[in-house]
Each structure stands twice: as structure tokens, then as C-alpha cells.
Amino acid sequence: MTFQELILALERFWAEHGCLIVQPYNSEVGGGTFNPHTFMRTIGPEPWNVAYVEPSRRPTDGRYGENPNRLQQFHQYQVILKPSPLDIQELYLESLRALGTDPSHHDIRFIEDDWESPTLGAWGLGWQVWLDGLEISQFTYFQQCGGIDCKPVSGELTYGLERIAMYLQDVDDVYELKWAPGIRYGELYKRAEWEWSTYNFEQADTDLQKKLFEEYEKQVAALLGLSDKKGKGGALRFDREPLERLVLPAYDAVIKCSHYFNVLDARGAISVTERQLYIGRVRLLARAAAESWYAQREALGFPLLDTAAAAQ
Amino acid sequence: MSSEFLLEIGTEELPSSFVTHALRSMHASAVELVGQARLGTDSLEVHTMGTPRRLALRLRGLAPSQPDRDETIAGPPWSAAFDADGAPKKAASGFAKKHGVAVEDLQKQTTDKGDYVSVQVHEAGRATREVLADILPQLCQRITFPRSMRWGPGEIAFGRPIHWIVSLLGSDVIGFEFAGVQAGRATRGHRFLAPESFDLDAADYYEAALEGAHVLVDLDRRKARMMEGLLASAESLGGVLERDAFLADECLSLVEEPFTVPGSFDESFLELPDAVVVSVMRDHQRYFAVRESEGGALVPAYLNVVNTAEDPQTIAKGNDRVLRARLADARFFVEEDRKAPLADRLEKLESVVFQSKLGTMGAKVRRLQANARALAERSEADRDACVEAARLCKADLETLIVYEFPELQGEMGRWYALREGIDPAVADAIRDHYRPQGADDVVPDQRVGAVVAVADRIDTLVGCFGIGLIPTGSADPFALRRAALGIIRIALEGPVDVDLRQLIDQAYGAYAGDAKLAPADDVRASLDDFFRGRIRAMLKDSYGGDVVDACLGAWDGSSLRDLQTRIEAVSELGSAPEFEALAVAFKRAFNITKESARGPIDQALLEAGAESALAERFGTVRDQIREATGQRRYADALRLVAKELGAPIDRFFDEVFVMVDDARVRENRLRLLGEIADTVNGIAHFHQLGTKLQRRDPSVSA
């Protein structure tokens, strides 16, 4: 099964199981969770089932294309089922069968792995899924997102596509994976890994990254009308009505901030104490975007609740 | 004989640490709730069982029903309920109505505080099945987890989502609902080997039925099966299993039916340090290591405890691949690390924070060198080796391999140092300065390691106390209690003594320029107190709290071995037959002279007989006792006290009245006793001793 066949098989499987199939986000993200199809839609009462590929960047994981297992950009297959159905584990195992892997002939384990994204103010409980000792997926029940309690709870399945493909194709080196007949993964990404590693570790202009971080930070506040003053118990205050806030452009700027922070981190340009401060700043922005999204959907009367009711 | 009750809560995979935690709370709640509900009998047995997918409770010896209950319930004061003519007021009728009786049935109850209305209530006991149906939802609600979660649209939080509940009393379902799940008799077997749901006929078939469905629900049985498999597989590989209690518990809680699948790796990876290979296998993959013999070389193989073994070749092949990649990573880290000597990492330590108010690790390392030098100069340790080991002991924190495997700190520093050709005494000290890690760990057995270990711990203690980070209650984030205990144990069991006063002053001085600490006297006083508390806690079980207190009282807070010598001497004397009388006599001598002034003894005022005999004997041995005390020969000193002063002082108290009216004679007498008390108190504070000393069991070490 080639890399692209793997993606197609997952797309087909989840489409058949009621998921909306959408496309990756067009900005630098650390994982599928950053995509608004997850970050925004897991907030609030409206149901949501979605699946998509997410090219994900982790600047500190770059190895100049020299390590057969580590990449600064890899591909996640992200599935959100909201509310999490009771048979979500069964669905997941069935998706492995759709990839030609019969779970009863392998050792499949659900190993505790609580997930947290400090920058997104999101956390959940769940597992890593191991297939014969290899971690192939993350499985998370979202408890909070953007600092808001998830009600209902979403189930998030994240497949590590490179790892699964290496397993299915029985290769030890990620660059040897067949993406499609005649084209290997290395052809597509080996040079990219070297260039991005060199950029992230050596050449990224740290002054520029810091400046961009600060400018985008201001942009978020401006687009949301986020006030400097806080309300009771540290509640955020906004000078704009929910429907006047530009939530999506603001969130885009939050993602930029998160990315510039990651690059600065990889460059070793941030001290330990500064690091916590940066994370806190991004989390505040993410929370402002999340609360604004919730307020907007509420102002619109949570339209998908009606759609769901009509479907029943 | 009543029926057995079974509760099983079927869940998604619970984390391994959750299962034992949840079962403990389930057990405690069951005992409490059954007791409160009056369902317990003398033969009540509460047993919990569990796997990653189920928490189960078995109750045997439940009462068939609650016993009836007769109770007197007190109500309002009589005067508030009835008027002077005995006619009922509103309070009386209200109280009667509340308890379902007529006003005529109310009784007068006389108490210290006056007369009250009371009512006799008879409550018929309910059938066990009815009571269980009431308490089971509470029982489920009370199960706790280290962390709980919600799922789907529900509001209830539990360790993981609940899928089914079995609740059977004998063969009857005790129905109730929890977290939206209706309890019944349907359970499930192993997720992959027996996935279909099936009905249990009765509670007592539970374990056998599940075993048929590939689930060993009893933890002990499952563990026995797992260990059997591991030992047999190790043997078939021609080696022995590397025992690992933590890993065993972890693996046990990941499977419902344990199978062992062996795998292997390329022999070339054995060039890595054993500790790295074992850590990769254990921490990343949860594999057991195999050695050629007990403590022998590693075999290039591992044992994997798995939940299914339908196709062991496939499982082994997949795991081999993962392990190969992990070991290749580790080899890469080690090779990278070896490109530069350890000392090159010192510069990086300058930007690593030790504690925000105490500066960087780089500064700490400089203080460690100063502390180690001072300690070495006062002991017989090789000074240059101590300073060099102190300089290098934290360098491996900046290696790739320790970043990846933090538990290998010290171990890897030693390994790299040896390969750089560094003095083995220094290399060993890099590893040993982390010892003892806990109560079960050994102390460094060589002087250099012991010196650096003490230098490191005292720096942390003085620094933290200096900025007010003093442990309170259970809060001890910097493990300061363990650090203090480490120093005490190294001094008492290891190769170097420690002078605590000098050590604290040295470490305090070393902070000059690095951090602003509280005034030296405050730090010294609070640390002295802290160490005394630790010493007491550590030694009281072996020697008795009173012996330790008596010696701590006489000790000046400097040499730890000096304190130990005192304690041993007092403890030894404590087992002598004449001890009790001696202790009583010196206690009296101390108590009676507590407030009195000291001064020269006037021989002329001594009364002939017991008093002058005591004075004479004391005059003869006083200097010998003081000399032995000064030379820390406490056992000798105490022997002299017992032998020379025991009989005379007993006789003195028998025959001489101290508090006579003649002030000059009285004061002279008190001066004699006072001097004796002071001399003995220089060894240990006898007045703090109980008269029955706990005999030291020589098989118990301190």
C-alpha cells in the first residue's frame, strides 16, 4: 500500500462512517489539532464529525534528513467525532482492518497517554495505540479546548501516517517509503528536511521571528477587540460584539505566533523562563479566539444543533 | 449461607496505575457502605479484581437481609411540646407526624438538660437485594482515579468510558443505573480473543467464565501466569530474566491474558552500556531484559508481555523493528556525545537553571568543588580527585543520552569518563554521588564519591533553606528530607565522617556572590533542627527515641559519627543489668540540681558515710570520665560511671537527705550532685532516658 493509497483508504473509511472530508490548513501548524476544523469545532454544543490530512511541523524534531525516523514535518491523519460515540474504539480498530491489518493477528495495545497542548489551552485523556510495539496513533477524549470545557466531549484520533506506512511497506527508512508508484518519500521531502533543519536550527532570523511574534500578537488583540483589562476572576473582556470580531483571521495570527515561537525554540533563542512566558502569551491568545468563536456560534443560535435535530 | 455478590464495571482500557488505585477505593467504599447498610456479618469477605478493561468486586458473607432496628429518636423539649395541663402543642403533633406515630405514642425522656419528647421507632430490615440496589450507584460514584474524564454527551467522570456493568446477587440481577449504563448479567471477554458479549448465570461462575473468555481477572493469578511465562522464555533463550518489579506491575496492568513473545536485536548493540540497552527496552518499549546468568552479560534478546499471541512471528518482527530503531537512536546519541569530552559540557551548565533564586548549574558546580575541597581536606580522601569529580559530576546532564534517558544521569557520566581515560576513582564518583537515591539504595563505598555526594546535598539544603524553601508536612519538592538522610547515612555507613557544623558553614560561605541567602545564624539553626529531626526519625526504631534524644541533647551538632558512638554506648549500657538503678539515680541527680548553682565542693562540709564516699569516689574517677568523654570513648566513660559511681550514688540517695535546713550543707551537697550530673550529661542526657531501654536487636542495622 503506497503512502497515497493509505491516505485514500482512510479518507474512504471515514467518509463512509459519516465524516466530512476536508483539507489541511494553509498555515504552519504543529498538528491536526491546530486546524480550526478541530480547534474551533470541538468547542460548544454542536455535533461535528470530520477527517483530514494535516502536514504538521515540529521544528525541534528536524534531523537534516539524516535520521530514518525523525522529521521536522510529517503527516497526521486527523479524525474528530463529536460527541465521542461509545463505539469509537471499535471504529478505530475497524479502520486498521481497512488498511489490511487484522488486529487479532497483532499485538494492539492502548497505552495511557494524556495529551496536552499548553499553547492551545487544550488537554484530554486517552492513549497511544501500539501496533506490535510501534506507536501508530494518538487517541484523545478532549476535556478542554482553548480553556473552555468540552461539552460534549470530542474523540480525536490521530494517525501517524509515516509510521503506519513504514510498517505496512516493511521499510526501516522513512525516505524509502513509496509515496506513489515510482516516487519515493525521499524524492518529495529529503531535501526539504535538510533545508528546513538548516533554517530552523541555524539560519532563521531570530530578531525577525520575535518581531513577527509581537506584531501578530497585537493583530489578534485588534481583530478580536481584546481589552487589556480583565474582568472578575481573570475573565477576558472584548470591546467588540461577537459578530463583529474577526475570529478566523485572528486565529490565523495565533497560529503564526505559535509557529514563530517554535522556530525560536528550535534556534535556542529562548531561555527557560522566557519559554514559559511565550507559552502563556500564546495560550491567552488561543483562549481569546476560542471564547470569541463560542460567542459567535451562540449569537448565531448554534446552527448545527438544528441540523442535527432535523437529521434525526 | 447467603449468596455471593458480584459487581463488574467494564471500561475502555484503564491506565495501568489507575487499576490498583481504583480497586483500593472500591474496596474501602464497599466495606464502608456495606457496614453502614448493616449488611455485614462476621464472615464478610471483600475481594477486588481487575484488568485494564474491568474493575470487579466480590462480596461473600453478606447478611440475607438487614436486621430490624429499634431506635429512640429525641425530639423537642417536653415543655415546648406539651402545655402545663399535658395538652399537646403544635411541636408535639408535628414531631409525631414526621415519624408516623400518634401523639399518644410520644414518650418523655429525662436527660441532664431536661425533659424531651421522644419516640420509639421500629424499622424492619430490608432484603439485601433492595439495599444493594440503593447503595451500588454510590459505590460506583465513589471509585476514584488519579485523573478522571468525561466522554460523549455525559456528565459523569470516571477513569475511562464505561461500557457495561454486571451486578449479580447469586443468580439474580441487582438492577441499577450508573453513567447511563444499566447493570445486568452480560459481560465481555478478551477484546480480541473473545469479543462477543455473553451472560453470566451466577456470581460464583465469574472467574471461571472469564478465564474461558481469555481473561484472568484476579491480579495475583494473572501475575503468576505472567511470571511463569517470562521465566520459561528466559530459560529457553539460555539465560535468566532480569527481575524488575515496576515493569512487571506495569505489564500486568496492560494485559487481560498474558503471553510472552521473545524477540531479538543485533549483537552489535551490546557495545552500548548495559544501562542504555536496558533503559531503551524498559522505558520505551516495556520489554524485559535477559542476562546470561544472574548479574552476567546481556543476551541480545528481550521478552515482551503481550495481550494476544495468535501470530508471535509477526509480533516479534514488528517489535524487533521498533527496538532496532530505538537502539540505533541511542547509539547515535552515544556516538555524538563521545565526539567531545565531558568537560566541554561545563559551559552549557552555565545557562541551565538550578533554582531560579539560586542561580545556574554552572555556579552550583563551582560551589560543589569548593565544598568537596574543604571536605577532602578534613578527611582522608584524595583532594584532587574529589575536586575533579565535583567539577565533572553534572556534566552528563548536557549529553544527548541523558536528555533522552534522565534516569541514566551519573551512570553515563561514569561511562564516558572511563572511556576518556579519566581516573576511575573520579569516574566512579560521578556515578556514586547520586547515591543513596532512597532508603533501599546503598551509600557510596569510596571516599571520593562520598565526598561529592555530601558536597552536592549540603549545597541544595543550605541553598533551599537560605531562600525559605523548608519542607512542611508532605510538601518537599526538592527532596530535602532525602538529601539530609543521604548525608547522615553516608557519614554513618560510608567511608567518611561528616562534621555538620563545619559543613553547613562551608556550604553557606560558598554561596557568597551566587545568591542572597537568609542570615547564616538562621540557616544554621533551622538546618540543625532539621538534621536532628531526620536523625531521630532514622534511628528511633533501632535504638529507641529516648536514647536518640538523650544523645542528641549532649551532642554539639558537629560530627555525625560522634553522635553515633554516643548512641551505641548508651544503647549498650542500656542492656546491662545495673542500668535501671543507674538511670534512676542520675535522673534524680539532674532533676534536683537543675536550678542550683555550681561551685567548688567544700570537703569539710561533707557528712561522713555515704556522702563523703560518693565525693571521694567521684573525685578519683572524674578526670578519667572527662578524659574518655573528651576522646569520644563514650563506652569507656559510661563503663566508668556505672562501675565506679553506680553503687555510691545509690547508697547516697538511700542514706542522705539532700534538702536539709542548713543552707551551707545543702548547697555543698547540690554542688556535688550537680558536678556529677554535668559530667554524665556530657555523654548523654540521662534525664531524657526511659528507664526501660529498648534492647538493640543486632540484626537490625541503623
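In the hairpin formed by β6(A) and β7(A), in which two residues lie between the strands, A:D132 adopts a positive phi near 45 degrees; helices (H or I, at least four residues) and strands (E, at least two) are DSSP runs, numbered from the N terminus. The model is predicted, and local features therefore need pLDDT of at least 70, side-chain atom pairs count only at pLDDT 80 or more, and totals for chains, interfaces and linings use all residues. Residues are numbered from 1 along each chain as its sequence is written, while chains are lettered from A and ligands numbered from 1 in the order in which they are written.

Strand β7 (residues 134–145) of chain A pairs with β6(A) in the antiparallel sense over nine bridges, two strands being taken to pair if DSSP finds at least two bridges between them. Within this pairing, A:W123 stands opposite A:Q144 in β7(A). A:W123 in β6(A) also stands opposite A:E116, and strand β5 (residues 115–117) of chain A runs antiparallel to β6(A), joined to it by three bridges. The hairpin of β5(A) and β6(A) has four residues between the strands, and A:G121 in its turn has a positive phi of about 60 degrees. Strand β4 (residues 108–112) of chain A is likewise antiparallel to β6(A), with five bridges, and A:E112 has A:W127 as its bridge partner in β6(A). Strand β6 (residues 122–131) of chain A is mostly covered, since eight of its 10 residues are buried; a residue counts as buried if 20 or more other C-beta atoms, placed from the backbone, lie within 10 Å of its own, as exposed if 12 or fewer do, and as partly exposed in between.

Chain A as a whole has nine helices and 11 strands. Its radius of gyration, taken over C-alpha atoms, is 20 Å, close to the 20 Å given for 312 residues by the globule rule, so chain A is as compact as a globular protein of that length; the rule is 2.2 Å times the number of residues to the power 0.38. The C-alpha trace of chain A spans about 55 × 55 × 30 Å along its principal axes, and buried residues make up 45% of the 312 residues.

The domain assignment of chain A, whose bounds come from an automatic or database source, gives domain 1 (3–200) and domain 2 (204–305). The centres of these two domains of chain A, taken over C-alpha atoms, are separated by 25 Å. Their contact takes 24 residues from domain 1 and 27 residues from domain 2, where two residues are in contact if their C-beta atoms, placed from the backbone, lie within 7 Å. The domain 1 side of this contact divides into 13 nonpolar, nine polar and two charged residues; Ala, Val, Leu, Ile, Met, Phe, Trp, Tyr, Cys and Pro count as nonpolar, Asp, Glu, Lys and Arg as charged, and the others, Gly among them, as polar.

Between the chains, the contact takes 29 residues from chain B and 28 residues from chain A. On the side of chain B that touches chain A, α9(B) provides the largest share, seven residues, and by class this side has 12 nonpolar, 10 polar and seven charged residues.

Chain B contains an open sheet of five strands in the order β2-β3-β1-β7-β8, with antiparallel pairing.
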